[in-house]
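I set out to record what I looked up on charged pairs and helix packing. The entries follow the order of my reading.

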Amino acid sequence: FAGLTFFISREVPRGYLELVCLAFGGKVGWDDSDSPIAASDPSITHHIVDRPKLPSSFDALPKSREYVQPQWILDCANFHFLLPCSRYAIGAALPPHLSPWVDDEEEGYKPAYAEEVKRLRNGEILDVQTTEVVGGAAESSADESAGAETDKKKIKDEDASADDDGSNDDDDGTDSEEEDDDVKAEKMKKRRREEDAETKELAKMMMSKKAARLYGRMQHGLEQKSKKV
């Protein structure tokens with residue numbers, strides 16, 4: 001991140017992202033009065049935002065910066081490579097977050113996104129905005145063609161079933177949607193906990209011995225306080 005300047009929006013957890021950015025040579029500002037860099041600073045290269053879309057207030061900011069989701073910082077750090085910002089644009093569906101501590105060769109499987117990043121590092125030019133999985137476009141196209149008629153039949157069957165069930169289906173559908181929302185929320189919390197844990201491990205690996213000892217003492221003190229409470 002040498003030569004890059006990051007600005008962290010107020011809705012983004014600042015602690016671990018600031019640590020990762022600084023550890024890899026970047027400069028960091030945040031949305032608060034004690035920030036060394038203002039949000040309007042033209043030197044900002046990447047604005048970290050965790051919202052479904054940019055608020056209208058951002059229109060007044062300089063146009064020279066990239067707006068990316070927090071996962072971009074972590075994935076770049078894990079791969080030691082500046083990934084294309086388009087895959088992490090605001091509102092975009094994020095690629096899978098891959099752990100740097102998994103040995104793909106030992107596991108006998110290499111995720112498609114890891115293959116894509118490898119190709120990017122080798123200098124290949126990919127359509128990263130539309131390529132979700134390497135080689136997946138042809139497969140998905142074939143699958144869609146083969147399953148089109150089946151999908152139509154399923155839709156007709158579902159419509160007929162809905163007409164027969166009447167208002168009871170509406171109630172069941174509402175309950176199902178609420179359950180889906182709960183499951184999604186729980187998955188999102190679990191994913192954030194895993195990302196936080198991986199980032200802390202990554203940060204500890206980059207610390208000096210003195211800093212690591214100090215960090216260990218701080219954690220021990222926090223654990224003792226929590227036990228007393």
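Which residue forms a salt bridge with R87? I found that E116 is the partner, the closest N and O atoms being 2.6 Å apart. I took a salt bridge to be a side-chain nitrogen of Lys or Arg within 4 Å of a carboxyl oxygen of Asp or Glu. E116 belongs to helix α4 (residues 112-121) and R87 to the loop between α2 (71-79) and α3 (104-107), so this pair ties together parts that are 29 residues apart in sequence. Helices (H or I, at least four residues) and strands (E, at least two) are DSSP runs, numbered from the N terminus. Both E116 and R87 are buried; the term stands for under 20% relative accessible area, with exposed for over 50% and partly exposed for values in between (1.4 Å probe, protein chains only).

I noted the basis of these entries. The model is predicted, so local features need pLDDT of at least 70 and side-chain atom pairs count only at pLDDT 80 or more, while totals for chains, interfaces and linings use all residues. Residues are numbered from 1 along each chain as its sequence is written, and side-chain values use heavy atoms, with hydrogens and water left out.

I then searched the whole structure and found four salt bridges. One of them joins D31 to R10, with 3.0 Å between the closest N and O atoms. D31 sits in the loop between β2 (27-30) and β3 (46-48), and R10 in the loop between β1 (5-8) and α1 (14-23), so the pair links parts 21 residues apart in sequence. D31 is partly exposed at 35% relative accessibility, whereas R10 is exposed at 62%.

I also looked up E18 and R14, whose side chains meet in a salt bridge (3.0 Å, N to O). The two are four residues apart in helix α1 and therefore separated by about one helical turn. E18 counts as buried at 17% relative accessibility, and R14 as partly exposed at 31%.

My last entry concerns α1 and α2. How do they pack? Their axes are 10 Å apart, at an angle of about 40°; axes are lines fitted to C-alpha atoms, for helices over the stretch in contact, and angles run from 0 to 180 degrees between N-to-C directions. I recorded that Y16, L17, V20 and C21 in α1 meet I73, L74 and A77 in α2, contact being heavy atoms within 4.5 Å.
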